Structures are given as structure tokens and as C-alpha cells.
Amino acid sequence: MDECIAQKLEKISSQKRIPLSVDVELTYCCNLNCKHCYLQGRKVSGELATAELFRLFDELREMGTLYLTFTGGEPLLRPDFYNLADYAKESAFALVIFTNGTLITESEAFRIAECSPLAVHISLLGAEPETHDSITGVRGSFRKVIRAVKFLKRAGVRVVLKTALMKQNYTEYEGIVSICEQLEAEWQFDMVVSPTHWGGVRPLQYRLNQEQWKALLKDKRFFSPEKFSPTRPEALLCSAGLNLVAVTPLGEVYPCLAWPCSLGNVREKSFKDIWEDSPYLTHLRKTEISNVKECPSCPLLSYCPRCPGMAFLEEGDFRSPSRTNCQFAEAIGDSLQQARQYK
């Protein structure tokens, strides 16, 4: 999509409160045991049935949703996955699938292609099998990821390989980029590991420290000082709850996957009623930049990638500063200052 059109669509959908993009966690079940996963220990019973998800998709279509993302857990573990994906295609959603890739055989790849996804995103957590498998907790998972990418590419599916950079794998990022290029897959890196959705801090032991962030930011593939645009104050608040929302396997509606605050449950109310009448969403939408604590006057504001969801997880209040984002902003500021010195 043309960037200008996409920006206009983003602006109009936010102004008119259209849930343009919806992330649906189809299941909490997973065949891997990733050390950094924010869903560790989540119960897996009572998930939305096929008919309930069909009803949700019907509502979303009527309300103007364009982008629908299937995620999990591992969405391919649902026996009705292709029923849901086919229904999404028939409903004319732009479907994106997040998967760990380990269940994708050649026949599965061509079946996925029949669903016409916009893209399939797969986690690649190391350039070496030992690194990837040690993070996922399952031997052989690296080999299956590479196999899945090859099958999907052969089937004509756009593939994006995503890497959560952690202490265990950050020295391998060059090799990860090389693998992506060899496989002709796009790549994305995330430098921040989150707490679990119920406040567990275990994943944080794997998070990069500030010096490691600074080292990565010296690589222009991650961060280009020449192309850097200072953060504008309005970016302190994001699209979550304006034109973006998430639905959990149990039917809870969240502002986004990184912001685990229940706005209501689609088993108890229609999605439309939750979207239009949730007191929390009403409060969120009325929040102005001046209501955000500390951040508007912070000297690091122009470098800050502030995430309200991270602030909610860390402080229990989306208006508070996220200390993680503060540290990352400092790392960005230092990188820019060093770049200016070497000019």
C-alpha cells in the first residue's frame, strides 16, 4: 500500500474510531517453551469456539476492520485454524499470521498460501541451531523454521522473520540478517523483552542491558542517525484503543497485545458495545499529552519510543513513564551524540 494512503487511512480510522487493525490470539497452547515469552504459565482452557470467532469476525467486518492478525500461542495448533483462515479470506480481511513455524510442512505451506495471507511472520531466535533451540526449549526447532521458510517461499507466501534480541543471541544478529537474506525473507528485530502479562519478571533476566543496546544502535541497519526523526509529543500516546485492539483466546478485549487491561469480554457483550462503551477506552481516548506523567517535560522526549502498554505493565498506569523506554531513549540519545561527534 502506498505510504501516503496508509497514513491517511491511519488518521481517518483513528479520528472515526474504526478498529482498523485487530490482533486475535487464537490459543494460548504452544509446542515450544520460549524463555522470554510474555504468556508463560497462562491457562489454556475455555478458549473461544469456532462459531464465537466467526461471530467476532462478522462484527469486525461490519465495523470496518481491514487488518486481522492471527497469533497465539501457536495458532496452527487449533484444529479449526484453516476454517478460521478461510473465513477471514472470505471476509476480505488482510490476514497476517504469527507462528513459530515448526508445524509448517510443504503441504501446510501450500494450504496456508490458499488462505492468501498478507504475510506470515515466523520467530527466528538465533543464527545457530544451538542458540535458537536453547531459547525455544525444543531441539530441532531451528531446522524446522528454516524448512518452513523455504516451503512458504516456494508456495509464494511473503515471509517475515522476527527476532527478539536477548543476551543469548544479540551477538548473532549479523548471522540472522545473513540467513534472512539467503532465504529472501524480510527481517525485523525487537530489542525489548517484556514482563509477563501478569507481572512476572522472569523474562527480564534475558533483556539486553543499556550498553548492549548502544552497541546495536551503532549499526545503521537498526538505527540511522541521518534518517532519525525526533519524537513528537503526540507520539507519547499510541493507536491502541483508537484504531488498534486485541482479543485474547478467552474473549477478553485489550487495547493491544502489549497492554493487558481487559476492556470487556466478547462472550458477555458484543465487540461493538465494548469498543464504543468501555469506560476504560473512553478514559483512554480523552487522555491528552498533558495527562501523561513526567514525559512531556523530559529532556529525552525527542528520543523516546514510549509505549503506554509497557508503562501499564511496569507501573500499572499507562500515563506513567516506562522506565525501560526511558533507558532506551537514553541509549538513542547517546548514539546520536556520538554520530554528531564523528561527523
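Two residues are in contact when they have heavy atoms within 4.5 Å of each other. Keep this definition in mind during the tour below.

This is a predicted model, in which local features need pLDDT of at least 70 and side-chain atom pairs count only at pLDDT 80 or more, while totals for chains, interfaces and linings use all residues. Residues are numbered from 1 along each chain as its sequence is written, and side-chain values use heavy atoms, with hydrogens and water left out.

**Select the whole chain.** Twelve helices and eight strands make up its secondary structure; these are DSSP runs numbered from the N terminus, with helices (H or I) of at least four residues and strands (E) of at least two. The C-alpha trace spans about 55 × 50 × 40 Å along its principal axes. Among contacts between residues at least 6 apart in sequence, 71% join residues at least 24 apart. Of the 343 residues, 51% count as buried, where buried means under 20% relative accessible area (1.4 Å probe, protein chains only).

**Select residues 81-90 and 106-114.** These are helix α3 and helix α4, which pack at an angle of about 30 degrees with their axes 9 Å apart. Here, axes are lines fitted to C-alpha atoms, for helices over the stretch in contact, and angles run from 0 to 180 degrees between N-to-C directions. The two helices are therefore roughly parallel to each other, a term that covers angles under 35 degrees. Now show the side chains: Y82, D86 and K89 in α3 meet E108, R111, I112 and E114 in α4. The residues of this contact divide into two nonpolar, no polar and five charged; Ala, Val, Leu, Ile, Met, Phe, Trp, Tyr, Cys and Pro count as nonpolar, Asp, Glu, Lys and Arg as charged, and the others, Gly among them, as polar.

**Select T69.** This residue lies in strand β2, which covers residues 67-71. Is T69 buried or exposed? T69 counts as buried, at 7% relative accessibility. Leaving aside residues up to four places away in sequence, T69 touches V22, D23, V24, V96 and F98.

**Select M310.** The next stop is in helix α11, residues 308-315. M310 is buried, with a relative accessible area of 6%. Which residues does M310 touch, not counting residues up to four places away in sequence? They are V192, S194, P195, R207, A258, S322, T324 and N325.

Key:
Angles under 35 degrees count as roughly parallel, over 145 as roughly antiparallel, 65 to 115 as roughly perpendicular and the rest as oblique. Buried means under 20% relative accessible area, exposed over 50%, partly exposed in between (1.4 Å probe, protein chains only).
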